[in-house]
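Please keep the sequence and the model in view while reading.

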Amino acid sequence: MNPESKGWTAVAQVTASKVLSQMRASGFVDLHDNVVRFLRALALEVGSAVASGKPPPGLPMTIRGVTWYSMAVSNDPVFFNYSVYPGDLQIRVCDLIWVTTIE
């Protein structure tokens, strides 16, 4: 781990936080925990990328002056968008999409 990545956090904004809560409440506790671990690890990876001058992971798209990165959680039916705030040592997850089927 790059020492400059230490202290970076992932913040789930309101919409993403609601999806994570629904995941847990629906009995998908393991999925919830996997997504949270993935986002925490991503925050550290983004911190390393920023420190070394490399682009963060994900597909970038700029909307109204803010660059968002789109990604999927590896091996899980979850997609999300995040933005990077180096001054706060944060990534902020705004949209989190959980794809599931109802039987």
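## Ser83 in strand 4

Ser83 lies in strand 4 of this predicted model. With a relative accessibility of 1%, Ser83 falls under the 20% limit and is therefore classed as buried.

The side chain of Ser83 makes a polar contact of 3.2 Å with the side chain of Tyr85. When residues up to four places away in sequence are set aside, Ser83 touches Val66, Thr67 and Trp68, together with Gln90, Ile91 and Arg92.

## The largest nonpolar core

The largest nonpolar core comprises 22 residues. Those with the most contacts inside this core are Met23, Val35, Val78, Phe80, Tyr82, Ile91 and Leu96. At least two core residues come from each of helix 1 (14-25), helix 2 (29-51), strand 3 (66-72), strand 4 (78-85) and strand 5 (90-98). Helix 2 contributes the most, with six residues.

Val78 illustrates how separate parts of the chain meet. Apart from neighbours within four places in sequence, Val78 is in contact with Met23, Leu31, Val35, Met71, Ala72, Val73, Leu96, Ile97 and Trp98.

## Met71 in strand 3

Met71 belongs to strand 3. Its relative accessible area is 18%, which is under 20%, so Met71 counts as buried.

Not counting residues up to four places away in sequence, Met71 touches Phe38, Leu42, Pro57, Gly58, Val78, Phe79, Phe80 and Tyr82. Between the C-alpha atoms of Met71 and Leu96 the separation is 9.7 Å, while these two residues are 25 residues apart along the chain.

Key
Residues numbered from 1 in each chain as written. Predicted model: local features only at pLDDT ≥ 70, side-chain atom pairs only at ≥ 80, totals over all residues. Heavy atoms only, no water. Core = buried A, V, L, I, M, F, W, Y, C linked by side-chain atoms within 4.5 Å. Buried < 20%, exposed > 50% of the residue type's maximum accessible area, 1.4 Å probe, protein only. Helix = DSSP H or I, 4+ residues; strand = E, 2+ residues; numbered from the N terminus. Contact = heavy atoms within 4.5 Å. Polar contact = N/O pair within 3.5 Å; in protein donor to acceptor, adjacent residues only side chain to side chain.
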